Amino acid sequence: MKTCLRFISRFIYISAERNKVASFVSSVRYYNAAAAKTLSDCRWEEGKSSDTQKWSSLEHKGPYFPPEYEPLPDNICFNYDGQPVKLSPVTEEIATFYAKMLDHEYTSKEVFQNNFFCDWREEMTKEERKLIKTLSKCDFSQIHKYFVEKSEERKNMTKEEKQVLKEEASRLMEEYGYCLLDGHREKIGNFKLEPPGLFRGRGEHPKMGKLKKRIQPEDVTINCSQDSKIPAPPAGHRWKRVQHDNTVTWLASWLENIHGRPKYIMLNPSSKLKLALRAGNEKDDESADTVGCCSLRVEHITLHRRLDAQEHVVEFDFLGKDSIRYYNKVPVEKQVFKNLKLFIKHKDPEDDLFDRITTVKLNKTLNESMPGLTAKVFRTFNASTTLQDQLNKLTTEGMTVEEKILSYNRANRAVAILCNHQRAAPKTFERSMQLLQEKIQKKKEQIEEAKKELKEAKKAHKDAPSDKSKKLLEKKEKAVQRLGEQLKKLQLQETDREENKVIALGTSKLNYLDPRISVAWCKKHQVPIEKIYNKTQRDKFAWAIDMTDENFQF
């Protein structure tokens, strides 16, 4: 926010950082081109297609639809006003969506409750609507308990039962998870359609609690080549439409009912077509009341001539992306402070602070100062610079792999704090920490016991030295050392989890940071790349893994 203000006021930092930012803009272009080249090199050579044609042939099995609703057992009841009520299948299914979330904070929010109840009543039968008129009289406790027990059963499945599920998942992946694109087998990114449920949204979204309806084949448009085998819809159904449009890269499309926007089944990020895609949505009137630099209102700032022994302080308090509160007190230059006083003069609290600036104008001005420069590029530059600086400071020789990973997460956390990437603490956090602390305590007890045994072995060897007593002594020493290393790992995990409780590390790592920084750090410090990026992320950043050596510095 501090940087953005200075951008808007006088762009004072652009000239100071001009060479470094220019280098970064060039590197963005370079590694985007490198990414495309890497994918091209590791795939196949194709004849040149027109700018509009994306493929010559496309064949796939269509989307995988979630299973139909399975009614509750007869002994599980929904109660209204203290009396059991037998619901119709559609009404009962929607009731289960709410019941499953009873222990979540969403169901305590009035907006969520109102939206759910309104949509639920629309799906009820006439008789059910006549009876069920108030959410407060609805008792979902039996249904909630039933699904909690089912969840526990899944957690306690035998190895054999888990293997059956794993094999079924592999079968579905094999059948639906791949397509033939120009004769080559390509992975599909999201072949499973989302099951029906209740919309949660990000932050305090005004549509939270609304019903996400079940997607039917009649809602879905299939896209494939004309000479391919058309995917068969589920029995008793038909597709909305089958088209053969090789100027688009999606395989199936439908409209989701919450916002009325199209959704797509696309190729996996590792596919040859994925790099050409860029998606984004304009904020509509029904989104949460979140703001950014250009949409700040007068009510979001307070000016202090002097505060906490600092002069010209701007106090910010607003909801940023995902309804995450941004609160900060930032000392600014005197001219910036004067400008802000001028901007708020004769304005009401709900008026725009920067009423003559839009994101388009801001980015246009930045681009005029330096071709290719946008607010996003500068934000990404700041994030990547922070990561590189923190990694250089926090990583030292002699660290274990676990200590290095903790340092990496701390560096990443500095970026997340810079970008205000916060999150609510996971609802399972306290329980998981309790289990981890129990493991630590148990490990400490094991170490104490091992030390006692080591002491006894030392005494026995001293009293009656022999090869046997010597081997036993060495065995006990190794046991103490091994247990100590295990304890250290657990304690590092505890520290890492506690520090990351309310910080979203993934957002910055995947969207704001130059991946070459992480790859080079891993190679330089002998940290397995899979400790930083999972399989999907390694596929996404394959170009960076291939092209970056340990000497790269951002």
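Colleague: Let's start with residues 148-175: how much of the span is helix, and how far apart do its end C-alpha atoms lie?

Modeller: Helices here are DSSP runs of H or I with at least four residues, strands are runs of E with at least two, and both are numbered from the N terminus. For residues 148-175, the span is 89% helix and 0% strand, and its end C-alpha atoms lie 32 Å apart. Before we go on, a word on the ground rules. This is a predicted model, where local features need pLDDT of at least 70 and side-chain atom pairs count only at pLDDT 80 or more, while totals for chains, interfaces and linings use all residues. Residues are numbered from 1 along each chain as its sequence is written, and side-chain values use heavy atoms, with hydrogens and water left out.

Colleague: Which residues does UniProt list for "coiled-coil region"?

Modeller: The unreviewed UniProt entry gives residues 148-175 and 433-500 under that name. UniProt positions follow the numbering used here, feature names are shortened, and annotations may be inferred rather than shown by experiment.

Colleague: Now the helix pairs. At what angle do helix H13 and helix H14 pack?

Modeller: Each axis is a line fitted to C-alpha atoms, for helices over the stretch in contact, and the angle between N-to-C directions runs from 0 to 180 degrees. Helix H13 (residues 429-463) packs against helix H14 (residues 467-499) at about 160°, and their axes are 9 Å apart. H13 is therefore roughly antiparallel to H14 (under 35 degrees is roughly parallel, over 145 roughly antiparallel, 65 to 115 roughly perpendicular, and the rest oblique).

Colleague: Is the crossing of H13 and H14 left-handed or right-handed?

Modeller: A crossing is left-handed if the near helix is turned anticlockwise from the far one by less than a right angle, and right-handed if clockwise. For H13 and H14 the crossing is left-handed. The residues of their contact divide into 13 nonpolar, 9 polar and 12 charged. Here Ala, Val, Leu, Ile, Met, Phe, Trp, Tyr, Cys and Pro count as nonpolar, Asp, Glu, Lys and Arg as charged, and the others, Gly among them, as polar.

Colleague: And how do helix H11 and helix H12 pack?

Modeller: Helix H11 (residues 375-394) and helix H12 (residues 401-418) meet at an angle of about 150°, with axes 9 Å apart. That makes H11 roughly antiparallel to H12, and their crossing is right-handed.

Colleague: What does UniProt list for "active site"?

Modeller: The unreviewed entry lists Tyr512. Tyrosine 512 sits in the loop between helix H15 (505-511) and helix H16 (515-524). Its relative accessibility is 12%, so tyrosine 512 counts as buried (buried is under 20% relative accessible area, exposed over 50%, partly exposed in between, with a 1.4 Å probe and protein chains only).

Colleague: How many disulfides does the count come to?

Modeller: A disulfide is a covalent bond between the sulfur atoms of two cysteines. The rule used is a pair of cysteine sulfur atoms within 2.5 Å, and the count comes to 0. Cysteine 118 is partly exposed at 43% relative accessibility, whereas cysteine 294 is buried at 12%.

Colleague: On to backbone angles. What is phi of aspartate 182?

Modeller: Phi is near 50° there, a positive value in a residue other than glycine. Aspartate 182 lies in the loop between strand E5 (178-181) and strand E6 (184-187), and it is buried at 18% relative accessible area. Glutamine 526 also has a positive phi, near 55°. That residue is in the loop between H16 and helix H17 (535-540), and glutamine 526 is exposed at 56%.

Colleague: Last one: how far apart in space are leucine 87 and glutamate 128?

Modeller: They are 41 residues apart in sequence and 7.6 Å apart, C-alpha to C-alpha. Leucine 87 is in the loop between strand E3 (83-85) and helix H4 (89-100) and is buried at 7%. Leucine 505, in helix H15, is buried at 15%. Its C-alpha atom is separated by 8.6 Å from that of glutamine 422, 83 residues away along the chain.
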